[in-house]
Amino acid sequence: MKKAVLWDLDNTLYDYDIAHNKSIAAIYNIVSKEYNVSKNIFQQLYELSRREIHIELEGTASSHNRILYFQRIFEHLRNQTNSFTPISAEFILSLYDNYWDVYFDNMILFPNAKEILEQLRIHKIKMAIVSDLTTSIQLRKLKRLGIASYFDEIITSEETGSDKPSSIMFLKALHKLNTLPQDALMIGDNAHTDIEGANAVNIETVLFIKPGNHSINDTEEGYRKAKYVINNLIEVSDIAK
């Protein structure tokens, strides 16, 4: 039996896409009251701003910070008016606060998520979250989902200074749990960040395929190929034995 299980959080234990899409819709409602932009143009601005921040801050937790995305959106909108106006702290903060308020209200655990965490805890298997983004936001997610008590540790890219698949994320988790790679299991939904990163330090990997999605594991090679592929989290019970 494995002594430790490492978990990705977003789109592995709960449905990130549902919460995010609801939040973006709420943000558009705020933006549309201040600026004459269509929903399509707003979505393009959001994606452009997100890509720019990711390029500028690649591999860091800050590259996922929504307040930087919204600040950049404001800058793009301001530039479109061809007139300089001071930065609007109130507008940017309202986007950030509303995004996360709506997000937390719409987080939904995947089927059997809590059940598998409970089973692993009963078997005294140590568990850690290994996730990109900032620690404060990820802790708030765990609290809102009601699953914080199942985890012994949380490791974020804010803490380590590098996003997954950086080995430091996984080695930090092993160190905190006082566990060897061969005694651990990593579960995540992303072949590049979760699977490649864990495979690189000899942790057995499980690729979780979100219900309704198709497996890409058959097309992956090398470090990006997971040892196991599941579409129901309860299957982790047999794998961890």
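Trainee: Is Lys-164 buried or exposed?
Mentor: Lys-164 counts as buried, at 6% relative accessibility. Buried means under 20% relative accessible area, exposed over 50%, and partly exposed in between, with a 1.4 Å probe and protein chains only.

Before you go on, this is a predicted model, where local features need pLDDT of at least 70, side-chain atom pairs count only at pLDDT 80 or more, and totals for chains, interfaces and linings use all residues. Residues are numbered from 1 along each chain as its sequence is written, and side-chain values use heavy atoms, with hydrogens and water left out.

Trainee: Which residue forms a salt bridge with Lys-164?
Mentor: Asp-194 does, and the closest N and O atoms are 2.6 Å apart. A salt bridge here is a side-chain nitrogen of Lys or Arg within 4 Å of a carboxyl oxygen of Asp or Glu. Asp-194 lies in helix α9 and Lys-164 in the loop between α7 and α8, so the pair ties together parts that are 30 residues apart in sequence. Asp-194 also counts as buried, at 1% relative accessibility.

Trainee: How are those helices and strands assigned?
Mentor: They are DSSP runs numbered from the N terminus: helices are H or I with at least four residues, strands are E with at least two.

Trainee: What about the peptide bond from Lys-164 to Pro-165?
Mentor: That bond is cis, with omega near 15°. Pro-165 is in the loop between α7 and α8.

Trainee: And α8 itself, which of its residues are buried?
Mentor: Helix α8 covers residues 167–177, and its buried residues are Met-169, Phe-170, Ala-173, Leu-174 and Leu-177. Seen down the axis of α8, they fall within an arc of 130°, so they line one face of the helix. The arc is taken from the directions from the helix axis to the C-beta atoms.

Trainee: What do the buried residues of α8 pack against?
Mentor: The partners are strands β1 (4–7), β2 (126–131), β3 (153–156) and β4 (184–188), together with helices α7 (157–160) and α9 (191–199). Contact means heavy atoms within 4.5 Å.

Trainee: What comes just after α8?
Mentor: Asn-178, which takes a positive phi of about 55°.

Trainee: Where else is there a positive phi in a residue other than glycine?
Mentor: Lys-124 has phi near 60°. Lys-124 sits in the loop between α5 and β2 and counts as exposed, at 71% relative accessibility. Asn-202 has a positive phi of about 65°. Asn-202 is in the loop between α9 and β5, and at 60% relative accessibility it counts as exposed.

Trainee: Back to salt bridges. How many does the structure hold?
Mentor: It holds 17. One of them joins the side chains of Lys-210 and Asp-17, at 2.7 Å from N to O. That pair links distant parts of the chain, 193 residues apart: Lys-210 is in the loop between β5 (204–208) and β6 (228–230), and Asp-17 is in helix α1 (residues 16–34).

Trainee: How exposed are those two?
Mentor: Lys-210 is buried, with a relative accessible area of 16%. Asp-17 counts as partly exposed, at 28% relative accessibility.

Trainee: Which residues are linked in a network of salt bridges?
Mentor: Glu-52, Glu-56, Arg-72 and Glu-75 are linked that way.

Trainee: New topic: aromatics. How many pairs are there?
Mentor: The count comes to 14 aromatic pairs. Rings of Phe, Tyr and Trp (its six-membered ring) pair if their centres lie within 6.5 Å; planes under 30 degrees apart count as stacked, over 60 as edge-to-face and the rest as tilted. Ring pairs link Tyr-14, Tyr-16, Tyr-46, Tyr-69, Phe-70, Tyr-99, Trp-100, Tyr-103 and Phe-104 into a cluster.
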